[in-house]
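Visitor: I would like a short tour of this chain. Can we go through it by question and answer?

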Amino acid sequence: MQAIILGQGNPYLKNPYLSKLSKVLDSASVPYEFWIWSRDKQPADLPKVKVLLNFGSWGGGAVNALGYALWVAWLTVRVFAQPRAGVYFCSRLDAALPCAIVASVRRCRYVFLDRDKLSKSYAWPAPVKRMIEAIEGFVGRRASLHVVPGSSRAGDNDSENLRIVRNTPHTEVIERARSLAERLPPRSGRLRVLISGLISPERGARMMREAIERTAGQVEFIGAGRLLGEDAQCLAERMGPDYRGIVSNEDALALLLSADLVLAFYDPALEINRLAEPNKWFDCAALQIPFVTNPGLLTSAPFEQHDACFLCEYGDGERLAEQLLRIAADRSLLETRRAGLRQLRYEAWDTAMARVIAECVRLAP
């Protein structure tokens, strides 16, 4: 079996999911290559990477709407020309729709890695939402396998090809991260708080910026990830050199291991956030690093029931600052959450995804 991984961005830096997938394919001795849409003019000579489209940026607006249209159209042409080049592993709906279209008229096998439900990601008008849900159903049913990060993302109309692979870390990545964490600069003694991943208006950028300002000098903040919006930019500027930019999956987990606490907020006004299955939560569970999130999320119940996380109302930067100072003054609160995290048991990502890969191999002609 040959695997072709379709997605956006540098798979070694901007897409930890695809990076983890490539490691599982390596372990299974399955040859693969990436076909990607580069939105940041990244180098075209990355190993096993074929840049199909080099256009746009990581912001929003009409330019990137055009980019999505070009990406879907061009990918449809490429897959139609090579329907049997291998099994297509499609990261999100924009990569899977071309394969579903081609599979309607030619033999084409693909795995739909349904990481984010587009129909639930924005406050769409009802008719638009129904149309997107119909497209998601069409793509999911035609896929050889349809992979989602949790039962919250499963729909009533999903077929028997549905598989759940939670957003836990890869075993090998954890081992590398532990080694990298040992080489990080020594701690300052203050409470160290990590802000990482996508830092955006819908993920608490403003309240986290306000908390940094209100706790200046009393709490140590470190950060890494993609910045969207003015609050995120300001937050990174206030961190100075402690904001590391966009880093690899291994480096991100090393930073997490070096922290006392992680901030992971999701605006509950968005349906996709209420159904969140965040990497950060499961990274924290695997590494037993406490985190702060917000109430109003349907999927946080196991963490709350085991007293494995802190809670702060979404958007309340003042309350977050007060909570951080209280934790800094009483570190036993962290140990209580670590004890809760130790009660949670989640399968490693590579173990679960290896079953999906093995199933694909069995389905191969």
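Visitor: How many salt bridges does a search of the whole structure find?
Guide: Keep in mind that this is a predicted model. Side chains of opposite charge can pair when their charged atoms come close. A pair counts here when a Lys or Arg side-chain nitrogen is within 4 Å of a carboxyl oxygen of Asp or Glu. Searching the whole structure this way gives 20 salt bridges.

Visitor: Which residue forms a salt bridge with Glu271?
Guide: Glu271 sits in helix H10, residues 271-274. Its partner lies in helix H5, so the pair ties together parts 142 residues apart in sequence. The closest N and O atoms are 2.6 Å apart. The partner is Lys129.

Visitor: Is Lys129 buried, partly exposed or exposed?
Guide: Buried means under 20% relative accessible area, and exposed means over 50%. Glu271, at 22%, counts as partly exposed. Lys129 has 23% relative accessibility. Lys129 therefore counts as partly exposed.

Visitor: How far apart in sequence are the parts that Glu277 and Arg166 tie together?
Guide: Glu277 forms a salt bridge with Arg166, with the closest N and O atoms 3.5 Å apart. Glu277 is in the loop between H10 and helix H11 (279-287). Arg166 is in the loop between strand E7 (162-164) and helix H6 (171-181). The parts they tie together are therefore separated by 111 residues.

Visitor: What is the distance between the closest N and O atoms of Arg187 and Asp260?
Guide: These two residues form a salt bridge. Arg187 lies in the loop between H6 and E8, and Asp260 in the loop between helix H9 (249-258) and strand E10 (261-263). Arg187 is partly exposed at 39%, whereas Asp260 is buried at 10%. Their closest N and O atoms are separated by 2.4 Å.

Visitor: How many residues of helix H3 are buried?
Guide: H3 spans residues 93-103 and is mostly covered. Its buried residues include Leu93, Asp94, Pro98 and Cys99. They pack against several elements, among them strand E1 (3-8), helix H2 (62-81) and helix H5 (126-142). Of the 11 residues in H3, the buried ones number 9.

Visitor: Which residues make the nonpolar surface patch of about 280 Å²?
Guide: Patch members need over 30% relative accessible area. One of them lies in helix H4, residues 118-121. Leu118, at 31%, is partly exposed. The patch is made by Leu118, Tyr122 and Trp124.

Visitor: Which strand gives the most to the lining of the largest cavity?
Guide: Rolling a probe the size of a water molecule over the atoms shows where empty space is left. The count comes to 1 cavity of 30 Å³ or more, and the largest has a volume of about 40 Å³. Its lining includes Ile195, Arg203, Phe265 and Lys280. With 4 residues, the main strand in the lining is E8 (191-199).

Key: Residues are numbered from 1 along each chain as its sequence is written. This is a predicted model: local features need pLDDT of at least 70, side-chain atom pairs count only at pLDDT 80 or more; totals for chains, interfaces and linings use all residues. Side-chain values use heavy atoms; hydrogens and water are left out. Patches are made of residues with over 30% relative accessible area and no salt bridge: like charges are joined within 9 Å, nonpolar side chains (Val, Leu, Ile, Met, Phe, Trp, Tyr) within 5 Å. Accessible areas come from the Shrake-Rupley method with a 1.4 Å probe; for residues, only the protein chains shown count as cover. Helices (H or I, at least four residues) and strands (E, at least two) are DSSP runs, numbered from the N terminus. Buried means under 20% relative accessible area, exposed over 50%, partly exposed in between (1.4 Å probe, protein chains only). Contact means heavy atoms within 4.5 Å. On a 1 Å grid over the protein atoms alone, a cavity is a set of points where a 1.4 Å probe fits but cannot get out, and a pocket is an open set with protein on both sides within 12 Å along at least five of seven lines; lining residues have an atom within 4 Å of a point. Grid points are joined across faces, edges and corners, and a volume is the space filled by probe spheres set on the points.
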